[in-house]
Every structure is written in C-alpha cells, then in structure tokens.
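User: I would like to learn how to read side-chain features in a protein model. Could you take me through them one at a time?

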Amino acid sequence: MAKRIIIQCRVMSNRLPGKALLTIYGLPLIIAIIKRIKGFTKDIYVCTTKNKEDNILCNILKAEKIKYIRGPEKNVLKRFIICSKDLKAEDTIIRLTADNPLPDKYFLREMNKIWSKNNFAYLASESKKNNIPKGLSAEFFKVKYLRKAYRDAKTQKEKEHVTTFIIKNEKTNYLSKKFIKKRTKKTFGIDTLNDYFK
C-alpha cells in the first residue's frame, strides 16, 4: 500500500504570519522539515492555498523540485482530497504541519512499524495521555477515512481541521507512554515569535 506525506502549510498564519519561511538550519522552515523526513519516502506533497501570499512559498517549492497543490484556504480537508485523488482507499496519508519541525525520518519509521502491524483507522503521536511533546506531531490515516470525512463533514471546524471528523467518528490510536519514557515540559511547535526564538 502506498504512503504519502502531506504537509499542511500556508504563509499567512494568524498568530505568526510568514512562519513557514522563517529560517531554521539556514533554510526556510518548510524546506528544513522536508529534508528531515525525506529518507522515509519520496512521495511528499505540500498543500497550500490559492492566496497570492502563497505564491512565494510555491516559488520556493518549485525551485527545490518539491511537489505541491493549491486549494481553498479555509477548507483544508478539500486540499487533502485534491492531494490524494490518485491514491487508493486503503493507501495511507501521513499528515504533518509546517509549524512542527521536530518529526524526522527516524520518528516516522518508528510510527510506521506500529501502523504496519495493526489495522488502524487512525494513529497519532501527540496526546495528553502520553509523553510526546507538542511539536512532535504526525498523524497516519487511511485514504478511505479522509474521503468519508470530506463526504460527510458538516461544520467549518471539520473542514478546516483535517482529522477532526475522523477522530470524532473512527477508533483512534495514539503512541503509548513507553514510546518516550519521560515527559518534557518543553514544546517544539512554532506558533508564535517567542516559540521561534526559544
């Protein structure tokens, strides 16, 4: 079964506009994230918006030969549908976001071991029940559940937050506390300028 990473990204985020283009390791954040995960699979897409502000992002992706699609700003669920239209129902989507720079190919490989051994509808890393810090976020789910969400989602929240409908309607699974033995109080997501400079 195919596995495709889709990274949700747009330039004009509400809390920190332009954060996807902030530099980390001397690279724009979105490019640094892609370099960290590239050894897991070459099937990587960035899904962004049709807004003119995202033209610069698309130019950077094009220069780096990174695949991307553009869709509606608020209906992120539709962007994921566009980005996965060639996949089969039993194929897997791995959802990452451009404000979580921590996941790398090794982390995804460990998650994939668990995913591949089980017939899950949904597997995620970050949960209040385990020791995964904020910013080490990845979600695995089957294409058929994404398509069901797109078909049946009614609320704006369900359309804007890709996996809200899946989490509400399917059996969800999360990494156990044993995956990371000790909880850290640090967070690694980049939501504000303060997060970036920490």
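User: Is Y174 buried, partly exposed or exposed?

Analyst: This is a predicted model, and the values here are computed from it. Exposed means over 50% relative accessible area and buried means under 20%. Y174 has a relative accessible area of 32%, so this residue is partly exposed. Y122, at 2%, is buried.

User: How are the rings of Y122 and Y174 placed?

Analyst: Planes over 60 degrees apart count as edge-to-face. The rings of Y122 and Y174 have planes at 70 degrees, so this pair is edge-to-face, with the ring centres 6.0 Å apart. Y122 sits in strand β7 and Y174 in strand β9, 52 residues apart.

User: How many aromatic pairs does the structure hold?

Analyst: There are two aromatic pairs. In the pair of W115 and F140, the planes stand at 50 degrees and the centres are 5.7 Å apart, so the pair is tilted. This pair links distant parts of the chain, with W115 in helix α4 and F140 in strand β8. Both W115 and F140 are buried.

User: What should I look for in a nonpolar core?

Analyst: In soluble globular proteins, nonpolar side chains tend to be buried together. Here the largest nonpolar core has 33 residues, and I5, I7, I30 and L108 have the most contacts inside it. Elements that each supply at least two residues of this core include β1, β4 and α4. The largest share, six residues, comes from α1. Apart from this core lies another, of 23 residues, among them C47 and Y145.

User: Which residues is I30 in contact with, leaving aside its neighbours within four places in sequence?

Analyst: I30 is in contact with I7, C9, A20, V46, L57, L61 and A98.

User: How do I read a salt bridge?

Analyst: Side chains of opposite charge can pair when their charged atoms come close. A search of the whole structure finds 13 salt bridges. One of them joins D43 and R4, at 2.9 Å from N to O. D43 lies in the loop between α1 and β4 and R4 in strand β1, so the pair ties together parts that are 39 residues apart in sequence. R4 is buried, with a relative accessible area of 5%.

User: Which residue forms a salt bridge with R4 at 2.7 Å?

Analyst: That residue is D86. D86 lies in the loop between α3 and β6, 82 residues from R4. D86 is exposed, with a relative accessible area of 54%. Salt bridges that share partners join R4, D43, K67 and D86 into one network.

Methods:
Residues are numbered from 1 along each chain as its sequence is written. This is a predicted model: local features need pLDDT of at least 70, side-chain atom pairs count only at pLDDT 80 or more; totals for chains, interfaces and linings use all residues. Side-chain values use heavy atoms; hydrogens and water are left out. Rings of Phe, Tyr and Trp (its six-membered ring) pair if their centres lie within 6.5 Å; planes under 30 degrees apart count as stacked, over 60 as edge-to-face and the rest as tilted. Helices (H or I, at least four residues) and strands (E, at least two) are DSSP runs, numbered from the N terminus. Buried means under 20% relative accessible area, exposed over 50%, partly exposed in between (1.4 Å probe, protein chains only). A nonpolar core is a set of buried Ala, Val, Leu, Ile, Met, Phe, Trp, Tyr and Cys residues joined through side-chain atoms within 4.5 Å. Contact means heavy atoms within 4.5 Å. A salt bridge is a side-chain nitrogen of Lys or Arg within 4 Å of a carboxyl oxygen of Asp or Glu.
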